[in-house]
Amino acid sequence: AVIGFAMLASILGDFMQSKRSGSSGTFYVGEVLGENIHVKNFEKTVEIGLDRWKQQNPGSIITQGVRANIRNQAWNQLTRELIMEEEYSKLGLIISDEEWVERISGINVHPEVTQFPLFQDPSTGQFVGNNVINYVQNLEKDQTGQELKNWKSFEKYLLNVIRNAKYDKLIEKGTYINSEEALISFNEGTQITNFDYISIPFTSIND
């Protein structure tokens, strides 16, 4: 709490100093590859994370620990998006419509989706894929538009998570070890060598 208050005071102090100096009030929380991350974009991402947590944990209280964790996730999300977007473009790494439907309602559903109570059977707590389909199909009926907004935010988040997993898998599968390297690695763990040695105390060496 003390550290958090000190950080908040520092941020507010910088912001007020910026306002007093007659600047436009532009404020960034970081920079990645020459791209600035504006505080408004960061806070918006945090709010989306908080909303998603509330949907997954209805009736639960957001503690300071949960809030701090969500802020860390928001920062990691924003920085990774900036770093990885160019790599995805080079590789042509995309999620097809068929794959997306499979990841939100099929056999290979993403764990993030199964955590929503709305998509679970009330009596068993088991995930029901048709609940997701029905939910998406009825989004337009929400007069407030909030449900559609929440789903779009979650959709963007999950697409990035899936692409990240694909990229990591490409790196994993692209790492090749030939038979010679495997033999060396095996011998390193099984070979036994006998040798004689003497000990020279560190204190015997002049400063």
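A residue is called buried when its relative accessible area is under 20%, exposed when that area is over 50%, and partly exposed in between, with a 1.4 Å probe and protein chains only. By that rule Asn 164 is buried, because its relative accessible area is 16%. This is a predicted model, in which local features need pLDDT of at least 70 and side-chain atom pairs count only at pLDDT 80 or more, while totals for chains, interfaces and linings use all residues. Residues are numbered from 1 along each chain as its sequence is written, and side-chain values use heavy atoms, with hydrogens and water left out.

**The chain as a whole**

- The protein chain has eight helices and two strands, where helices (H or I, at least four residues) and strands (E, at least two) are DSSP runs numbered from the N terminus.
- Along the sequence, these elements follow the pattern α-β-β-α-α-α-α-α-α-α.
- Of the 207 residues in the protein chain, 23% are buried.
- The accessible surface of the protein chain comes to about 15500 Å², and 55% of it belongs to carbon and sulfur atoms; such areas come from the Shrake-Rupley method with a 1.4 Å probe, and for residues only the protein chains shown count as cover.
- Contact means heavy atoms within 4.5 Å, and among the contacts in the protein chain between residues at least 6 apart in sequence, 57% join residues at least 24 apart.

**Helix H7 against helix H3**

- Helix H3 (residues 64-91) packs with helix H7 (residues 146-173) at an angle of about 60°, and their axes are 11 Å apart; axes are lines fitted to C-alpha atoms, for helices over the stretch in contact, and angles run from 0 to 180 degrees between N-to-C directions.
- H3 and H7 are therefore oblique to each other, given that angles under 35 degrees count as roughly parallel, over 145 as roughly antiparallel, 65 to 115 as roughly perpendicular and the rest as oblique.
- The crossing of H3 and H7 is left-handed, a term used if the near helix is turned anticlockwise from the far one by less than a right angle, with right-handed used if clockwise.
- On the H3 side the contact includes Arg 80, Met 84 and Tyr 88, and on the H7 side the residues include Tyr 157, Asn 164 and Tyr 167.
- By class, the contact of H3 with H7 has six nonpolar, three polar and seven charged residues, where Ala, Val, Leu, Ile, Met, Phe, Trp, Tyr, Cys and Pro count as nonpolar, Asp, Glu, Lys and Arg as charged, and the others, Gly among them, as polar.
- Asn 164, which lies in helix H7, touches Arg 80, Met 84 and Tyr 88 when residues up to four places away in sequence are not counted.

- Helix H2 (residues 39-56) packs with H7 at an angle of about 105°, with the two axes 10 Å apart, which makes H2 roughly perpendicular to H7.
- Ile 48, Asp 51, Arg 52 and Gln 55 of H2 make this contact with Asn 150, Ser 153, Phe 154 and Tyr 157 of H7, and these residues divide into three nonpolar, three polar and two charged.
- Helix H4 (residues 97-105) and H7 pack at an angle of about 105°, with their axes 12 Å apart, and H4 is thus roughly perpendicular to H7.
- In H4, Glu 99, Trp 100, Arg 103 and Ile 104 meet Trp 151, Glu 155, Leu 158, Leu 159, Ile 162 and Lys 166 of H7, a contact with six nonpolar, no polar and four charged residues.

**Two further residues**

- Val 32, placed in strand S1 (residues 28-32), is buried with a relative accessible area of 11%.
- Leaving aside neighbours within four places in sequence, Val 32 is in contact with Ile 37, Thr 79, Leu 82 and Ile 83; the C-alpha atoms of Val 32 and Ile 83, 51 residues apart along the chain, are separated by 7.3 Å.
- Asn 72 lies in helix H3 and is partly exposed, with a relative accessible area of 49%.
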